[in-house]
Amino acid sequence: MKYEVHKEHGSSRWYVTEVGCKEPIPGTYGTKKRALHTAAKMNGLDYKDYMRVRRRDGMNHD
């Protein structure tokens, strides 16, 4: 995956970044659900596929 989501500290807003970079991509701020949908689209995946990959990758990092 090339893009992932992060939560803005001290806020309820979420945003999309490139993997390994914490710099937000302009225009991607919003609710967690909106940011996840945006990241899925930017990765060229369907939302459900993106979430499946995201969960799988998260389990491998532990």
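I call a residue buried under 20% relative accessible area, exposed over 50%, and partly exposed in between (1.4 Å probe, protein chains only). Accessible areas come from the Shrake-Rupley method with a 1.4 Å probe, and for residues only the protein chains shown count as cover.

**Ground rules.** This is a predicted model, in which local features need pLDDT of at least 70, side-chain atom pairs count only at pLDDT 80 or more, and totals for chains, interfaces and linings use all residues. Residues are numbered from 1 along each chain as its sequence is written, and side-chain values use heavy atoms, with hydrogens and water left out.

**Entry 1, salt bridges.** I looked for a side-chain nitrogen of Lys or Arg within 4 Å of a carboxyl oxygen of Asp or Glu. By this rule I have two salt bridges.

Arg 52 pairs with Asp 49 at 2.8 Å, N to O. Both sit in helix α2 (residues 47–61), three residues apart, about one turn of the helix. Helices here are DSSP runs (H or I, at least four residues), strands likewise (E, at least two), numbered from the N terminus. Arg 52 counts as exposed because its relative accessibility is 52%, while Asp 49, at 33%, is partly exposed.

The other pair is Arg 13 with Glu 8, at 3.2 Å, N to O. Arg 13 is partly exposed at 39%, and Glu 8 is partly exposed at 22%.

**Entry 2, the strands.** Next I checked how β1 and β2 pair; two strands pair if DSSP finds at least two bridges between them. Five bridges join β1 to β2, and the strands run antiparallel. Val 5 stands opposite Val 16 in β2. The hairpin has six residues between the strands, and there Gly 10 takes a positive phi near 75°. Four of the five residues of β2 are buried, so this strand is largely enclosed by the rest of the structure.

Which residues make up the largest nonpolar core? I count as a core a set of buried Ala, Val, Leu, Ile, Met, Phe, Trp, Tyr and Cys residues joined through side-chain atoms within 4.5 Å. The largest has ten residues: Tyr 3, Val 5, Trp 14, Val 16, Ala 35, Leu 36, Ala 39, Ala 40, Tyr 50 and Met 51.

In α1 I noted Ala 35, Leu 36, Thr 38, Ala 39 and Ala 40 as buried. I then followed the contacts of Leu 36 (heavy atoms within 4.5 Å). Leaving out residues up to four places away in sequence, Leu 36 touches Val 5, Tyr 47, Tyr 50, Met 51 and Arg 54.

Gly 44 follows α1 and has a positive phi, near 75°. Leu 45 lies in the loop between α1 and α2 and is partly exposed at 32%.

Met 1, Val 19 and Leu 45 make a nonpolar surface patch of about 240 Å². Patches are made of residues with over 30% relative accessible area and no salt bridge, joined within 9 Å for like charges and within 5 Å for nonpolar side chains (Val, Leu, Ile, Met, Phe, Trp, Tyr). Val 19 comes from the loop between β2 (14–18) and α1 (32–42) and is partly exposed at 46%.
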